Amino acid sequence: MTNHCSFDIKFEKFNKNIHIEFPKGLNIIYGESGSGKSKIIYSILNKANPGSANFSILNKIISESIQLVFQNPENQIICQNLQSELSFGLESSSDNSVDLKDELQKIKSLLPFVDDWLRHPSTLSGGEMEILNIVTAFTSKSEVVLIDDGLSYLNPNTKKQWVEWIKNNFSKKKTILWFTSDYNDLSFGKTKWILSLSDMQPHDNSNSNPEYQHKHRNGLLSIKTKDLTFGFEASTKTIIDNLNINLSNARSVGIIGENGSGKTTLSQLISNSIKPLSGSVELDISNNIPSVGVLNQFPERMLGSNTLEHLLLKLINNNKFDPNILNSFIKKLKSYQINWNTIKDQNAKDLSWSIVRIALIIILSQSNYDLIILDEPTFGLGYQQKRKLSELIKNILVNKHLILISHDIDFVNAHCDQVLNFDLKNIYKNHIIVNAK
């Protein structure tokens with residue numbers, strides 16, 4: 001057993017060789033998407049590098065008892081129901097059935113949002129899946145836990161609660177390396193690091209959060225629900241229960257709320273991809289039913305085993321994308337440092353989430369949709385990339401309407417003229433970003 005984790009990170013092009021040590025407790029490594037966070041993780045795990053980087057990891061000293069919390073919470077789930085998912089890890093590390101039963105009950109008590117342990121884990125919200133994965137990872141007997149953006153679906157209050165849970169229970173037992181794209185996460189660290197393409201240095205506590213300067217014209221979007229109710233057939237719990245909202249004259253609508261409160265479910269009901277148990281939802285723009293394009297919070301679900309090029313061809317064949325603007329689309333991608341010829345025929349799982357998200361948002365923005373729904377679009381994006389996303393949203397709102405679902409409340413308030421707080425079930429108007437002319 002080692003008392004710490006250490007390695008050398010060598011930036012060959014810049015003639016830098018930096019020795020880094022991480023003590024027990026919570027260590028935060030911040031970096032923009034593409035800076036090399038996954039390279040470090042894969043090097044620690046002795047796995048093949050998923051992509052190129054400007055550095056190499058040398059002289060590594062670390063325990064072999066390592067647990068990884070994945071960036072995509074679905075990738076960590078291996079069983080068909082929640083009961084089996086919790087039991088699997090415990091059975092792998094314990095040979096005492098009595099201790100196993102007691103430990104299982106303790107873990108279940110940490111997940112009060114689960115009402116049916118025979119549910120498939122994929123029926124949980126993104127944030128609930130992250131909580132499940134955090135609990136299973138930290139209750140394992142590992143000495144080191146690596147977190148790959150593994151708390152990014154949690155809203156700020158819930159994230160703070162679980163970080164405190166990690167600190168209070170495991171700071172003296174485990175070495176924790178939390179790799180994140182959220183600059184605010186640095187505030188939680190015992191040690192704090194900034195990873196860039198040319199360096200890795202301790203954080204100097206300067207504030208580099210993005211500031212947005214955004215205004216857009218008034219809109220014509222109306223959303224009305226009447227006694228809207230939805231729940232899974234196998235569950236006794238309703239996700240949305242008799243929801244009544246009346247929203248009108250919006251151009252960009254934000255939806256915020258606790259994890260598992262029903263934000264994504266509402267977007268699925270609005271886009272007609274699922275049906276309510278009872279009640280109704282009406283959607284219109286200028287008294288017409290709009291066409292709706294959706295960015296799923298899990299981009300792989302949009303593509304499946306297909307590629308971005310296959311999706312684009314499907315939209316062209318369905319008259320949702322004009323082939324005459326294909327060159328313009330490719331130039332737009334290039335302005336975001338994305339090469340279409342490099343990514344078009346790759347599976348989504350082989351691309352970074354930031355690239356997949358930005359590429360899909362650009363595709364949707366240039367498609368023939370009246371309304372675009374973006375579910376957690378800032379996930380995995382650093383502050384520079386959020387600025388680029390802000391510019392993209394400005395372009396979308398020139399001639400389209402938008403629904404933005406996010407726990408990033410600052411980003412929502414910077415881009416949405418009306419915001420639905422799903423916890424309070426109220427709507428507030430954000431006059432500061434509307435430029436009515």
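Biologist: What makes helix α12 mostly covered in this predicted model?

Modeller: Of the 13 residues of α12, 12 are buried, where buried means under 20% relative accessible area. Among the buried residues are W353, R357, I361 and S365.

Biologist: How do you know that the span of α12 agrees with its number of residues?

Modeller: At 1.5 Å a residue, the 13 residues of α12, 353-365, should span 18 Å, and the C-alpha atoms at the ends of the helix are 18 Å apart, so the two values agree.

Biologist: Why is the pair of Y30 and Y383 called stacked?

Modeller: The ring centres of Y30 and Y383 are 5.9 Å apart and their planes stand at 10 degrees; a pair needs centres within 6.5 Å, and planes under 30 degrees apart count as stacked, so the name applies. The pair links distant parts of the chain, with Y30 in strand β3 and Y383 in helix α13, 353 residues apart.

Biologist: Are Y30 and Y383 buried or exposed?

Modeller: Y30 has 2% relative accessibility and counts as buried, and Y383, with a relative accessible area of 18%, is buried as well, because the cut-off for buried is under 20%.

Biologist: What makes the pair of Y183 and Y383 edge-to-face?

Modeller: Y183 and Y383 lie 5.5 Å centre to centre with 90 degrees between the planes, and an angle over 60 degrees counts as edge-to-face. Y183 sits in the loop between β7 and β8, 200 residues apart from Y383 in helix α13, and Y183 counts as buried at 9% relative accessibility.

Biologist: How do you know that H216 is buried, and which side chains does its side chain contact?

Modeller: The relative accessible area of H216 is 6%, which is to be set against the limit of under 20% for a buried residue. H216 is found in the loop between β9 and β10. Its side chain makes a polar contact of 2.9 Å with the side chain of H214, and another polar contact, of 2.6 Å, joins the side chains of H216 and D417; a polar contact requires N or O atoms within 3.5 Å.

Biologist: Why do N46 and N249 deserve a remark on phi?

Modeller: Most residues other than glycine have a negative phi. N46, however, has a positive phi of about 60 degrees although it is not a glycine, and phi of N249 is near 55 degrees, again a positive value in a residue other than glycine. N46 lies in the loop between α1 and β4, whereas N249 is placed in strand β11.

Biologist: What makes N46 and N249 count as exposed?

Modeller: N46 has a relative accessible area of 64% and N249 a relative accessibility of 53%, and exposed means over 50%, so the term holds for N46 and for N249.

Biologist: How many residues of each class line the second largest cavity?

Modeller: Its lining divides into 8 nonpolar, no polar and no charged residues. The residues that line this cavity are I223, I245, L247, V253, I255, L266, I270 and L420, and the elements giving two or more residues to the lining are β11, β12 and α7. The volume of the second largest cavity is about 40 Å³.

Biologist: Which element supplies the largest share of the lining of the second largest pocket?

Modeller: The largest share, 5 residues, comes from α7. The space in this pocket is about 840 Å³. Of the 42 residues that line the pocket, the closest to its centre are T264, T265, Q268, Q297 and D375, and by class the lining has 14 nonpolar, 19 polar and 9 charged residues.

Methods. Residues are numbered from 1 along each chain as its sequence is written. This is a predicted model: local features need pLDDT of at least 70, side-chain atom pairs count only at pLDDT 80 or more; totals for chains, interfaces and linings use all residues. Side-chain values use heavy atoms; hydrogens and water are left out. On a 1 Å grid over the protein atoms alone, a cavity is a set of points where a 1.4 Å probe fits but cannot get out, and a pocket is an open set with protein on both sides within 12 Å along at least five of seven lines; lining residues have an atom within 4 Å of a point. Grid points are joined across faces, edges and corners, and a volume is the space filled by probe spheres set on the points. Helices (H or I, at least four residues) and strands (E, at least two) are DSSP runs, numbered from the N terminus. Ala, Val, Leu, Ile, Met, Phe, Trp, Tyr, Cys and Pro count as nonpolar, Asp, Glu, Lys and Arg as charged, and the others, Gly among them, as polar. Buried means under 20% relative accessible area, exposed over 50%, partly exposed in between (1.4 Å probe, protein chains only). A polar contact is a pair of N or O atoms within 3.5 Å; within protein, one must be able to donate a hydrogen and the other to accept it, and residues adjacent in sequence count only if both atoms are side-chain atoms. The expected span of a helix is 1.5 Å times one less than its number of residues. Rings of Phe, Tyr and Trp (its six-membered ring) pair if their centres lie within 6.5 Å; planes under 30 degrees apart count as stacked, over 60 as edge-to-face and the rest as tilted.
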